[in-house]
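User: Please take a close look at the ligand site of this model. Then set it against the local geometry elsewhere in the chain.

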Amino acid sequence: METRKPPAHTPMTQFASHEGELVVGGIPLTRLAARVGRTPFYAYDRSLLTARVQQLRAALPPAVKLHYAMKANPMPALVGHMATLVDGIDVASAGELMVALDAGADPQEISFAGPGKTETELRQAVAAGILINVESFREVPLLAAAAKELGMPARVAVRVNPDFELKSSGMKMGGGPKQFGVDAEQVPELLAAIGKAGLVFEGFHLFAGSQNLKPESIVEAQQKSFALACKLAEHAPSPVKFLNLGGGFGIPYFPGEQILDLAPIGANLADIVDQAHTALPQAEIVIELGRYLVGEAGLYVSRVIDKKVSRGQTYLVTDGGLHHHLSASGNFGQVIRKNYPAAVGNRMEAADTENVSVVGPLCTPLDLLADKMTLPAAEPGDLVVIYQSGAYGASASPQGFLGHPAVMEVLV
Ligand SMILES: *Cc1c(COP(=O)(O)O)cnc(C)c1O
């Protein structure tokens, strides 16, 4: 009888290794750890970030603009690097706006989305001259007042909560009742209010969801988003200049997951660009990506403090854990906990011989970085590496929980 093996992690090949050491930005891991001065730390590889953007551009039609959604990784040096590579930055708070502006992003190409923008944030956005994605009727008079007071135009797009969902998405952010954007059926009324208030209407923003590895679902969502935008454009006070179709491109984290095939997405976007020539002749088509641009370029590195055996199960206790990397612990929106790919970064040539659970120093069983994973035999002092850690890492983790030191971050 045929026995079926459980799926394995796709081998992680983005980082090379040399003499048994993982290499980040040309630096062997133990030397990098010495340079950082302490563990745990996140390391992001500049050349991988650059390569990812180049690869994506090669797969997409040149007319499509690429934005970086910086909530995926707001480290200022990384945002500065990304700002030189992409066409614009999407921010989700006034705090992120400050980082994007400091990073040298062109305000003309910064957009601001998010429910619950405060009056102060809206005023800051108008003063900065960026594009504001309106997500509520409440924002209209506040933006009009800020524009009047500052003697500046309030540039707006309408964030639409579509009447469809992104299928097979890790996290749905559109369709059905949502706190994001304005329901498609209310958008004509919102557009009228925007026109009446004298805001400068520039276009639409649709974002259906995150972490999708099925090109056919992304294609379907982009087609439906485009069709919806064309329909809503009939109610707009001025021509659509900017159509942000969202993103949602996923990266493989778990056993059995494969990298996203960009070819059908590129072909579909080329088709949309073509249709837009006649349907929305002034519109620039934009996609906004966070995780896909930065996720695979980052590692989380922690040091083994202790090794112990409990009733047959070996535990590697590290100085890093859930407080720095909530996603890898499985507690950032995952329904079923699965292991992120991991390695012993200073024993890359050793065979996987030991089944271990890698846990952090927190007094909670949730603090688990790898559950019963087969790795090379590791000892205290060794460096455990979690791959696919460039997105939703440090800034998405409860660093104050249990009072351990904050995590370090380096861009190499
Ligand atoms: C979070 C977010 C993104 C980025 O999502 P990823 O899955 O990281 O690509 C893009 N746009 C908006 C509006 C978001 O809220």
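Analyst: What follows starts at the ligand and then moves to strands, loops and backbone geometry.

This is a predicted model, in which local features need pLDDT of at least 70, side-chain atom pairs count only at pLDDT 80 or more, and totals for chains, interfaces and linings use all residues. Residues are numbered from 1 along each chain as its sequence is written, and side-chain values use heavy atoms, with hydrogens and water left out.

**The ligand site**

The ligand is surrounded by 13 residues. A residue counts as near if one of its heavy atoms lies within 4 Å of the molecule. The closest are Lys71, Ser210, Glu288, Arg291 and Tyr392. Sorted by class, the shell holds five nonpolar, four polar and four charged residues. Here Ala, Val, Leu, Ile, Met, Phe, Trp, Tyr, Cys and Pro are nonpolar, Asp, Glu, Lys and Arg are charged, and the others, Gly among them, are polar.

Consider the polar contacts, pairs of N or O atoms within 3.5 Å; within protein, one must be able to donate a hydrogen and the other to accept it, and residues adjacent in sequence count only if both atoms are side-chain atoms. Tyrosine 392 places a polar side-chain atom 2.6 Å from a ligand oxygen. Glutamate 288 has a side-chain N or O atom 2.7 Å from a ligand nitrogen. Glycine 290 uses its backbone: an N or O atom there lies 2.8 Å from a ligand oxygen. On its own the ligand has 390 Å² of accessible area, and the protein covers 93% of that. Such areas come from the Shrake-Rupley method with a 1.4 Å probe; for residues, only the protein chains shown count as cover.

**Strands**

Helices (H or I, at least four residues) and strands (E, at least two) are DSSP runs, numbered from the N terminus. Two strands pair if DSSP finds at least two bridges between them. Two bridges join β1 to β2 (residues 21-24). Histidine 18 stands opposite glutamate 21 in β2.

β7 (residues 110-112) runs parallel to β8, again with two bridges. Serine 111 faces leucine 131 across that pair. In β8 (residues 131-134), Leu131 and Asn133 point one way, Ile132 and Val134 the other. All four are buried, meaning under 20% relative accessible area; exposed is over 50%, and partly exposed lies in between (1.4 Å probe, protein chains only).

**Loops and backbone**

Histidine 325 sits in the loop between β17 (313-318) and α11 (326-329). Histidine 325 counts as buried because its relative accessible area is 0%. Leaving out residues up to four places away in sequence, histidine 325 touches Tyr42, Tyr300, Tyr340, Ile386, Ser389 and Ser397; contact means heavy atoms within 4.5 Å.

Most residues other than glycine have a negative phi, and most peptide bonds are trans. Glutamine 211 has a positive phi of about 50 degrees. Glutamine 211 lies in the loop between β13 (209-210) and α8 (215-233). With a relative accessible area of 15%, glutamine 211 is buried. Arginine 311 also has a positive phi, about 45 degrees. The loop between β16 (298-310) and β17 holds arginine 311. Arginine 311 is exposed, at 87%. A cis peptide bond, omega about -5 degrees, joins threonine 39 and proline 40. Proline 40 belongs to the loop between α1 (29-36) and β4 (41-44).
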